[in-house]
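Hi,

Here is the structure I promised to pass on. Have a look at it, and my notes follow below.

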Amino acid sequence: MSAREAGHRTASVGVDVDSLWHYYRIHGLPGETQSNAAWRDGVARFVQMFAGLGIPATFYCVASDIELPGNRERLRDLVAAGHEIGNHSLNHRYDLSRMKPAERIVEVGQGRYRLEMAAEAQVFGFRAPGYNTDAGLIADVKNTGHTYDSSVFPCAPYYAAKAGVMGLMQLLGRESRSILGTPKVLIAPREPYRMDPEEPHARGDGLPQFPVSVAAGVPLIGTAFTAMGERASVAAAELAVRLRHHLTLEFHAIDLMSLADDALAPELSVQPDLRVSVAQKRRIFESVLTAVGRRAKFVRLCDLKLGVG
Ligand SMILES: [Zn+2]
């Protein structure tokens, strides 16, 4: 019997391991860098924090990043520490849902295959770059052997902010590589569900979906916790864990990095949470995770079985 069937609350924690050059791309900044600091420092700090809290997590990795020095070993270290490796695609293309089907399935399938080979562990879950998904992409996720997807992020403020930033960048003549996705995401279920293969934002009998949790309009993601501060974040987490049977919290590797701590390129100050120190962010995240852990059991998504029907 799964924890869910037993009536216990569960929570899972994911970390999207996006290299710094993805942020240059999102913000349309010139001068891409091959910096591997997100893998080297960001991931290491999350591993250390999770070890202190006893949390098994899921690290969604971009398969092409494993070619950078030391990352194969880091991937295997994550597995050895009891964490799950998720597939965050081959190249982190934000336009997967607009790609030709023959190219898209390579991004999904090769991403999973290369991560499995490098990690020497099975990869079960997929998270789409930029949370953009649709029926075609979900069909690829299923057909390439994944057993769940966690790309749906049903958050109106996030959607509105993203639309606003992208509009502003258009006005400034910068081309963002991120795409907005469908507003249907806003009516998606807030708890884990099986997707309708024709419409992954609605319930059906297809692949399990673990949407990133949103409670009372607050997304349970690292950047939101950093923006809200410790007290408000803990209050949001305590409310969320009462409202939901299962929470899916989401971080990015750079959530435990900062401009000052890591001597990052000043252009990245457009990402406001990078102006907050690592120590302060870690304090906030530890308080949030401790609050969730008081009422829910932390599980990796690969260990969570969704009841059929
Ligand atoms: Zn990403």
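A quick definition to start with: donors here are N, O and S atoms within 2.8 Å of the metal (3.2 Å for Na, K and Ca), and water is not among the atoms, so sites may look incomplete. Do keep in mind that this is a predicted model, where local features need pLDDT of at least 70, side-chain atom pairs count only at pLDDT 80 or more, and totals for chains, interfaces and linings use all residues. Residues are numbered from 1 along each chain as its sequence is written, and side-chain values use heavy atoms, with hydrogens and water left out.

D18 sits in the loop between strand 1 (10-17) and helix 1 (20-26), and H88 in the loop between strand 3 (84-87) and helix 4 (101-119), so the pair ties together parts 70 residues apart in sequence (helices, H or I of at least four residues, and strands, E of at least two, are DSSP runs numbered from the N terminus). The protein donors, D18 (OD), D18 (OD), H88 (NE2) and H92 (NE2), lie 2.0 to 2.4 Å from the zinc ion. D18 is buried at 4% relative accessibility, and H88 is buried at 1% (buried means under 20% relative accessible area, exposed over 50%, partly exposed in between, with a 1.4 Å probe and protein chains only).

Then there's R127, which lies over the face of Y60, 4.3 Å from the ring centre (the rule: NZ of Lys or CZ of Arg within 6 Å of the ring centre and within 35 degrees of the ring normal).

Cheers
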